[in-house]
Amino acid sequence: MIDVIINVTLLAFLAVTAVAIARMRDLFAITMLFGMFSFLSAGLFIVMDAVDVAFTEAAVGAGVSTTLMLATLALTKDHDEKTPVVHRPWYPLVIVILTGSALVYGTWDIPAFGSGAAPAHTHVAPEYLSRSIPDTGIQNVVTSVLASYRGFDTLGEVTVVFTAGIAVLILIGGRRRSGRQNPEEGESHDA
Amino acid sequence: MTHNLILRIISKILIPLIILFALYVQFHGDFGPGGGFQAGVILSAAIILYAMIFGLETAERVVPPSLLRVLASVGVLLYAGVGVVSIMMGGNYLDYSVLSADPVAGQHLGVLLVELRVGIAVFSVMLLIFFTFAGRARP
């Protein structure tokens, strides 16, 4: 019962935050709301007992990415989103309602939350759960799956993070030095 | 921002605790939630907080970006290196059972090493991205 109340409250807050983000024009406030959105998602993950995911969502989604968006805002001059040209709302509204009902229709086939008969729990999950401690001696199965059984996947993920860092360095890492060497060029960029 | 006494004092108290928590998350991932990825992000968050309160130049003196570039590559390279070592010791790629005489101890060692490398790589990349973004705002 208490789970239902917490879920409904968190989901209602999520919806309110999403609508507020869509309606706001002030990018600073939107960035803050994105952080809130991530925290609320983290709360939902905790209710679903996915603490590792919640941990990551709180640290990356609410913490680091909010900081990075704020740093990006500090680089841009215009802190207000441009007011979009007003369209007639009927066409998008029909598309949204159709897509939404298709998604809701899709949820009818999803097994109940925590159901033991769900495909995710009948494939390799029981094997991981029963083998983790005899194989590796690690109590937290998430860690043993992530680092050992699927170590190659995790290597790929770390490479993705590394590539993202390299991409940022290539795109905007070297400009400061060239700006210092040619101050005139830097000024003409600002103008 | 640099003259804000309350923020400076509070963050001086908080930053060591955040770093300690990051280390706890790093090495306690076998038993509780967390692991290298989360620990790396938390550790970089501590330095980001430091940079926000005490200035980017001070933070870059504590953790130089040149060091971060090396650490990011070293993290990924050593992770892949664990796999190469396990091949050389007669197992499959990233099969930690051969790392030690006892397969369970080998798995434990392998997971610990791999999580550590994930932590190092994620910490350096996150901080590097932040330094790069924040550095561009400098006049």
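These legends walk you through several close-up views of a predicted model. Residues count from 1 along each chain as its sequence is written, with chains lettered from A and ligands numbered from 1 in the order in which they are written. In this predicted model, local features need pLDDT of at least 70 and side-chain atom pairs pLDDT 80 or more, while totals for chains, interfaces and linings use all residues.

**View 1. Meet helix H2 of chain B, residues 36-54.** Helices here are DSSP runs of H or I with at least four residues, numbered from the N terminus. H2(B) has 19 residues and reaches 27 Å from first C-alpha to last, close to the 27 Å expected at 1.5 Å a residue (1.5 Å times one less than the number of residues). Because 16 of its 19 residues are buried, H2(B) is largely enclosed by the rest of the structure; buried means 20 or more other C-beta atoms, placed from the backbone, within 10 Å of a residue's own, and exposed means 12 or fewer. After H2(B) comes B:Gly55, with a positive phi near 100°.

**View 2. Here is the largest nonpolar core, with 60 residues.** Such a core joins buried Ala, Val, Leu, Ile, Met, Phe, Trp, Tyr and Cys residues through C-beta atoms within 7 Å. Among the members touching the most others are B:Ile42 and B:Phe130. H5(B) gives the most to this core, 17 residues.

View 3. Most residues other than glycine have a negative phi.

How values were computed. Helices (H or I, at least four residues) and strands (E, at least two) are DSSP runs, numbered from the N terminus.
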